[in-house]
Each structure stands twice: as C-alpha cells, then as structure tokens.
Amino acid sequence: MTTLPEAPIELTIERLGQLGEGVASWEGRTVFVPGAFPGDTVRVHLEAQGKVLRGILGQVLADGTERVSSRCVLSDACGGCDWLELSVPAQRSAKQEIVLSTLEHLGHLRRSDFAVRPLMVAPRDWGYRRRAVLHGAGKGVLGYFGRRTHERVPVEVCPALTPVLTALPGKLAPLLKPLARDTEEVLLLAEGDKAAFAVNLSGPVTARHLEAAEAAVRALRLEGAVLVPKEGSARLIGRPVLRSLSPLRPEVPVYLRPDAFAQAHAEANVGLVTAALYELGAKETDSVLELYSGNGNFTFPLAGTAGSVLGVESSPVGVELAQRSAREGGVSNVRFVQGDARKVCDGLVAEGRSFDLCLADPPRAGAPGLAKWMRALDVRRVVYVACDPASLARDAAGLVEAGYKPVALQVVDMFPQTHHVEAVMSFERGA
C-alpha cells in the first residue's frame with residue numbers, strides 16, 4: 001500500500017464526482033477534493049477515509065475557468081450550498097453529466113439506450129429555498145452542519161432562503177433558547193410571505209416548550225409552530241399549516257406543514273411535476289399507483305388526467321394533508337393508504353391487484369424491491385422521481401433486469417448552488 005505524504009501536495013482538478021467534489025489523480029489513485037472545481041490547481045493534504053482517498057483543501061493556487069466568487073460569507077464552512085463558487089452554467093452541465101455517468105457506471109445503463117431530455121432549469125438560482133433544517137450551534141444559536149461534518153456552523157442570515165425566511169434563523173434562535181437543551185432540529189417552512197416552524201424534541205412537550213414557541217410565533221408574527229415530541233402526537237400552535245395550490249391544478253389546494261416534507265424550490269417543483277406527468281402519460285382509462293405520495297404534490301395533477309390514483313405514504317401527517325386537499329378540492333378519484341410502501345405493495349400483490357401505471361417518488365435511499373412489485377402488479381409503465389443518482393441507478397438496473405426498458409431521462413435543477421439534483425426517468429414493460 002502506498003504511503004501517503006505528510007506534506008501537502010499540488011493537484012489539478014479534472015472533473016466533478018457524484019457527490020459534487022472535485023476529482024483529481026495522484027499516483028494512479030482517484031482523489032476527491034471537496035470545495036474544488038474542474039481546472040483548479042490546489043494544495044491539499046491527503047487522507048485515507050476507508051478505501052476512499054480525500055484531499056483536504058488547503059489553498060486554491062490557481063482558479064479554474066468556471067470558479068466564481070461566492071455570494072455567501074459562510075460558504076467556506078457551511079455544508080448547505082457546496083457549489084456557490086462554481087458558475088451556474090458549469091453547475092447545470094455537471095448535474096446532467098453526473099446523473100448520466102452514475103446510470104452508466106452503477107446501473108450499467110448506456111445513455112444511448114434512452115432519450116435524454118434537455119436539463120430543466122430552475123426559475124431562480126438564489127434565494128429560492130422555502131424550507132430549511134437547522135441545528136443547535138451553541139446556547140441560543142442555530143446553524144447548519146459544516147461541510148462533510150456534524151460540526152455546527154452558526155447562521156443568522158441565510159441568503160439561500162426565500163425572503164421571508166432569510167433572517168429568521170438569527171431572529172428565532174434567542175426566542176427558542178428555553179428549548180435549546182431539548183431541541184434536535186428546527187425546521188423552517190415558507191409559502192409566499194407566510195412562514196412557520198417546527199421543533200423536533202428529544203423528549204416530551206412541556207409547558208415551558210409551549211410557552212417559548214407561542215412567544216416566538218407572536219413576536220415574529222409567524223403563522224404558527226409545531227412541537228414534535230420523541231413519542232406521541234405533535235402539538236400545534238397557531239396555524240402552522242400553510243395553504244398552497246396544486247401544480248397544474250390551481251383549483252385544488254395543497255397544504256404544507258413544517259414537520260412534513262415539501263419540495264424546497266416551489267417554482268422548480270412545477271417543472272418537476274410537469275415532467276413526471278409528461279413521462280407517465282396517464283389517460284382517463286388508466287389506474288395509477290403512486291408510491292411515496294407525500295402531501296399529494298403529484299397526486300392531484302395526476303388525478304386530473306388518470307382514471308384513478310392510489311397514493312401510498314408512510315407519514316401520517318402527509319396523508320392527513322393530502323386527504324384534506326382531496327376533500328376541499330372535490331377530487332373524488334384518489335384514495336390514500338398510510339403505510340410502508342413495501343408492506344402495502346406486498347398486500348396489494350396478495351390481493352391480486354393490478355395497475356396500469358406507477359409513479360414513485362422515494363426518499364434518498366430509493367425504493368429497493370420496486371421492480372418485483374411492478375411485475376407482480378402488472379404495471380406497464382413506471383416513472384421514477386429521484387433525488388439521489390446512485391439510488392436511481394440501482395433501482396433502474398433492477399427494473400431493466402425485470403423486463404422494463406428505459407424510455408427517457410429528465411434532469412431537473414431543483415437545487416441551484418448545490419450538487420443535489422432531481423431526475424425523472426420513465427420505463428416501459430417489454431413484450
């Protein structure tokens with residue numbers, strides 16, 4: 001085994017890796033350098049992290065052609081926006097390539113085997129995030145995790161957030177000081193000019209917690225808050241459920257709550273939903289199974305063209321919000337089942353059910369076993385919405401092995417200034 005040098009070395013960054021890090025070569029080995037971009041000449045200290053060789057960035061000796069000045073004073077330490085110093089055109093081309101190369105190398109799917117749509121660009125690349133996760137960063141301070149660490153970076157103002165949230169971390173932190181010892185996470189959420197927050201607690205909700213959260217809502221003129229205990233039911237303060245409109249179906253309300261998942265980029269989400277519906281191509285005679293349906297983000301636009309939709313979601317809050325939308329929007333051709341997707345699908349198979357189409361929007365870990373369910377439920381077309389290229393590649397390979405042919409890929413730039421990306425991929429069952 002090669003002994004790593006104790007002194008820093010110089011490297012030239014060749015490309016970007018799947019996790020957004022710069023990639024260079026040293027004595028025939030691949031080196032991943034967080035914070036470095038193609039064309040940069042950098043001085044790094046080499047460290048072996050398991051089988052992976054990483055370069056700890058000490059200095060950028062010469063800028064690559066795509067390096068730009070950061071618009072955030074915290075960018076050197078904060079782990080939230082790791083591509084602030086990479087030009088937007090370079091970000092976009094890199095995201096398309098990262099998804100395609102991951103499908104090739106991990107999923108063994110050649111890019112020539114399916115249609116590759118042009119990248120769908122986010123309408124705003126700054127000040128767009130309507131949700132955030134904050135952690136305690138000292139007494140009376142909130143912050144983000146640092147780059148590749150769980151060290152807290154204190155933040156008072158975050159320009160990546162929508163205007164109503166930008167200064168909220170600094171304003172909210174001292175008001176939540178009475179909860180600090182019992183707080184695991186603070187979740188921010190905005191819809192237009194309205195904002196709410198949630199606090200995930202390490203134990204039960206106490207009178208002291210309620211009093212502090214109520215005072216914060218009043219002082220900052222927020223819509224409301226949610227206190228989420230380690231066990232038991234959440235406590236709602238004020239009106240933390242924010243009303244939005246369903247993408248492509250503005251006559252149907254969609255409800256958001258700070259302790260439930262919502263896409264971070266509201267405008268780009270419209271493009272994501274549009275892409276998924278286009279790839280699925282549902283008709284009024286089709287029955288659709290929607291896995292990981294959340295609060296109905298895809299459900300109601302889908303129900304506007306399909307015959308029926310069965311949404312499966314593990315979060316009770318997500319199902320509650322979706323059912324409220326269906327009632328108030330008068331959508332009668334949808335039904336929601338609260339439960340784990342694997343168990344629900346096994347149950348549907350046991351019942352002898354079948355569906356024409358399936359739309360799956362799993363969490364970062366993906367949907368292991370998806371291919372088995374699709375064959376057993378006689379699904380002819382699958383659309384997979386992915387927030388992790390590696391999980392997409394693994395599950396896509398499973399679908400291909402089960403007899404589904406990849407049809408098209410649409411990459412969506414949902415998270416500008418970061419390496420994170422969303423992808424929509426469609427599959428058709430072979431004869």
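Over the ring of which residue does the charged end of Arg324 sit? The ring is that of Tyr255, with the charged end of Arg324 3.9 Å from its centre.

**Basis of the model**

This is a predicted model, in which local features need pLDDT of at least 70 and side-chain atom pairs count only at pLDDT 80 or more, while totals for chains, interfaces and linings use all residues. Residues are numbered from 1 along each chain as its sequence is written, and side-chain values use heavy atoms, with hydrogens and water left out.

**Charges over rings**

A charge sits over a ring if NZ of Lys or CZ of Arg is within 6 Å of the ring centre and within 35 degrees of the ring normal. Besides Arg324 over Tyr255, Arg71 lies over the face of Trp126, at 4.5 Å from the ring centre.

Strands (E, DSSP runs of at least two residues) and helices (H or I, at least four) are numbered from the N terminus. In E20 (residues 357–360), Leu357 and Leu359 point one way, Cys358 and Ala360 the other, and all are buried, that is, under 20% relative accessible area with a 1.4 Å probe, protein chains only.

Strands pair if DSSP finds at least two bridges between them. E20 runs parallel to E17 (residues 287–291), joined by four bridges, and Leu291 stands opposite Ala360. Four bridges also join E20 to E21 (residues 381–386), again in parallel.

**Pro406**

Pro406 belongs to strand E22 (residues 404–412) and is buried, its relative accessible area being 8%. Pro406 and Met425 are 19 residues apart in sequence, yet their C-alpha atoms are 7.5 Å apart in space.

Conventions:
Buried < 20%, exposed > 50% of the residue type's maximum accessible area, 1.4 Å probe, protein only.
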